Amino acid sequence: MFFFDGKEIHIAAIERILLKLRNIIELIKLCDSVRLYCCSLLLVYESDKIGKLNFKTDIRIIDFAEFQTRSGDGEMYDGPDEGFLRGLESLVRLLGNLIRENKDKIKETPEKEELEEEEEEEE
């Protein structure tokens, strides 16, 4: 499992990824008439050897096979890419479930405000 180091699930990393996914969802909602086909999400988190909360997270949209603004007949697409949004929202739901299923194993989780401040500093 991506967030499991052999001892524990890194809930704080999942929470950071969730914040970034929610930001991407809001951005995609603003992209009127854009369609993303056959692409992938690269989720990255890097931790120190101690396993403390000293790590960075990142998400990239990669492997663009097709990026379109018009359909095959030349018509402009209308609205955001609902299929891509559905995939992102499914990932948010799955990661949220992972957190809920492992609440009893959480040792140290920073507050949401702290995470948002750290994310702003990284950008």
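Glu26 and Lys29 both belong to helix H1, where they stand 3 residues apart, about one turn of the helix. In this predicted model, their side chains meet in a salt bridge, with a nitrogen-to-oxygen distance of 3.6 Å. Glu26 is partly exposed, its relative accessible area being 45%, and Lys29 likewise counts as partly exposed, at 40% relative accessibility. Side chains of opposite charge can pair when their charged atoms come close.

The structure holds 2 salt bridges, and besides the pair in helix H1 there is one in which the side chains of Asp58 and Arg60 meet, at 2.8 Å from N to O. Asp58 counts as partly exposed at 26% relative accessibility, and Arg60 is also placed in the partly exposed class, at 48%.

| Salt bridge | Distance, N to O |
|---|---|
| Glu26 and Lys29 | 3.6 Å |
| Asp58 and Arg60 | 2.8 Å |

A further lysine of helix H1, which spans residues 11-30, is Lys20. Is Lys20 buried or exposed? Lys20 has a relative accessible area of 16% and is therefore classed as buried, since buried means under 20%. A polar atom of the Lys20 side chain lies 2.6 Å from the backbone oxygen of Thr57, so that this pair falls within the 3.5 Å cut-off for a polar contact.

Technical notes: Residues are numbered from 1 along each chain as its sequence is written. This is a predicted model: local features need pLDDT of at least 70, side-chain atom pairs count only at pLDDT 80 or more; totals for chains, interfaces and linings use all residues. Side-chain values use heavy atoms; hydrogens and water are left out. Helices (H or I, at least four residues) and strands (E, at least two) are DSSP runs, numbered from the N terminus. Buried means under 20% relative accessible area, exposed over 50%, partly exposed in between (1.4 Å probe, protein chains only). A polar contact is a pair of N or O atoms within 3.5 Å; within protein, one must be able to donate a hydrogen and the other to accept it, and residues adjacent in sequence count only if both atoms are side-chain atoms. A salt bridge is a side-chain nitrogen of Lys or Arg within 4 Å of a carboxyl oxygen of Asp or Glu.
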